[in-house]
Amino acid sequence: MNGYRGVIPGVFTLGNLFCGFASILTSIRGAHPTEAAWMIVFAAFFDFLDGLVARLAKSASRFGVEFDSLCDIVSFGVAPAAMLYSFKMVELGNWGWVLGFIFITAGAFRLARFNITAKIETKSNFIGLPLPAAALGLASFVIFCDHFWGAIRLDSILYVMVIAYSALMVSTIEFESMPSFDISISRNRVKILSLVAISLLLLIKTKLMLFPILVLYAFSGPLRLIVGLINSSVRRELLRPRNLFKKDDSRKAS
C-alpha cells in the first residue's frame, strides 16, 4: 500500500503540467491573454496541492522532486514567457524573446539549485524567489491589467518585473516557505494565520488582490535582507568596544 502513496501527488503534478501546456497552446492560438494567465494560476493551484498531499501522505521522494521540477519549468517557465511574448513582448522584436529566454533560464537555474539542495522530509525557507511565485506574479499582472483596462498596460513595469523576478530567482535571498502543520511553533501559527487572511482576500477580490499580494511577497525577501543587514550593523556598533577615557588621558598627557 505504501508504494501507492506517491501516485496521488503525481496526479496533481500532472494537473500542473496539463495547465501549463494549455496556457502555451492558448498563447500560440492568440486567444485572450487572461485565458493563458488563468491557466498558469490553475497550474500553481495544482502545484500547491501536489506538495500539500505529499506532505500529508508522507510520500515525498526524490523522484517526486525531479518530476515536479520538470513540470514546473513548463508551467512556470515556458508558459509565462510564451504568454508575455505572444501578447506584449513581440512588440520589442528580438529583445522580446531575449527577455523571455532570460526568465526561462533563471527559472531553470532556480529549479536545478533547489533540486540539488532540497531535503525530502524537512523544508526550510526558500533560497531565491520560487519560480511558481515569479510566474504567478507575471500572470497576475496580466489579470490585474485586464481588470482595469481590458488590455496589458504599463509596459515598462512589466519589463522591469521580468528582469527583477529573474534576478531574484538566481539570488541567494531568503523567502518564506509554506508553514508546516506543527502549530506548537509560534512561527508556524503566524504563517498559518497570514495564509488564512490572504486566502480570504483572494476569495473576495481575486482579480484585484492577487497581483499586489504577489508583489509584496517578491519585495519581502529583499526587505528582509535589508532589515537584517541594518540590525547586524547596529549590533556590531553597540558591541564595539570603546575607550571612554581616551579623551581624558590625552588631556593629562598635554
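The conversation below goes through the model topic by topic.

Trainee: Before we start, what kind of model is it, and how are residues numbered?
Mentor: It is a predicted model, in which local features need pLDDT of at least 70 and side-chain atom pairs count only at pLDDT 80 or more, while totals for chains, interfaces and linings use all residues. Residues are numbered from 1 along each chain as its sequence is written, and side-chain values use heavy atoms, with hydrogens and water left out.

Trainee: How many helices and strands does the protein chain have?
Mentor: The protein chain has nine helices and two strands. Helices (H or I, at least four residues) and strands (E, at least two) are DSSP runs, numbered from the N terminus. Along the sequence the pattern reads α-α-α-α-β-α-α-β-α-α-α.

Trainee: And what percentage of the residues counts as buried?
Mentor: Of the 254 residues, 39% count as buried. Buried means under 20% relative accessible area, exposed means over 50%, and partly exposed lies in between (1.4 Å probe, protein chains only).

Trainee: Among contacts between residues at least 6 apart in sequence, what share joins residues at least 24 apart?
Mentor: The share is 77%, where contact means heavy atoms within 4.5 Å.

Trainee: Let us turn to the largest nonpolar core. How many residues are in it?
Mentor: This core has 49 residues, and Met83, Leu84, Phe103, Leu129, Leu138 and Tyr165 have the most contacts inside it. Helices H1 (7-29), H2 (33-56), H3 (62-87), H4 (94-117), H5 (131-149), H6 (155-170) and H8 (206-239) each give two or more residues to the core. H5 gives the most, with 12 residues. A nonpolar core is a set of buried Ala, Val, Leu, Ile, Met, Phe, Trp, Tyr and Cys residues joined through side-chain atoms within 4.5 Å.

Trainee: What is Met83 in contact with?
Mentor: Leaving aside neighbours within four places in sequence, Met83 is in contact with Ser27, Pro33, Ala36, Ala37, Ile40, Leu138, Ala139 and Val142.

Trainee: What about Asp68: is it buried or exposed?
Mentor: Asp68 counts as buried because its relative accessibility is 16%. Asp68 is in helix H3. Not counting residues up to four places away in sequence, Asp68 touches Thr13, Asn16, Asp47 and Asp50.

Trainee: Thr13 and Asn16 came up there. Which residues of H1 are buried?
Mentor: The buried residues of H1 include Thr13 and Asn16, along with Pro9, Gly10 and Gly15. The cover over the buried residues of H1 includes H2 and H3. Just after H1, Gly30 takes a positive phi of about 80°.

Trainee: How does the length of H4 compare with what is expected?
Mentor: H4 has 24 residues and reaches 35 Å from its first C-alpha to its last, close to the expected 34 Å. The expected span of a helix is 1.5 Å times one less than its number of residues. The buried residues of H4 pack against H3, strand E1 (126-127), H5 and H6.

Trainee: Changing topic, how many aromatic pairs are there?
Mentor: The count comes to nine aromatic pairs. Rings of Phe, Tyr and Trp (its six-membered ring) pair if their centres lie within 6.5 Å; planes under 30 degrees apart count as stacked, over 60 as edge-to-face and the rest as tilted. Phe12 and Phe46 form a tilted pair, 6.5 Å centre to centre with 35° between the planes. This pair links distant parts of the chain, with Phe12 in helix H1 and Phe46 in helix H2, 34 residues apart. Elsewhere, ring pairs link Phe141, Phe144, Phe148, Trp149 and Phe211 into a cluster.

Trainee: Where does Leu154 lie?
Mentor: Leu154 lies in the loop between H5 and H6. Its phi is near 55°, a positive value in a residue other than glycine. Most residues other than glycine have a negative phi.
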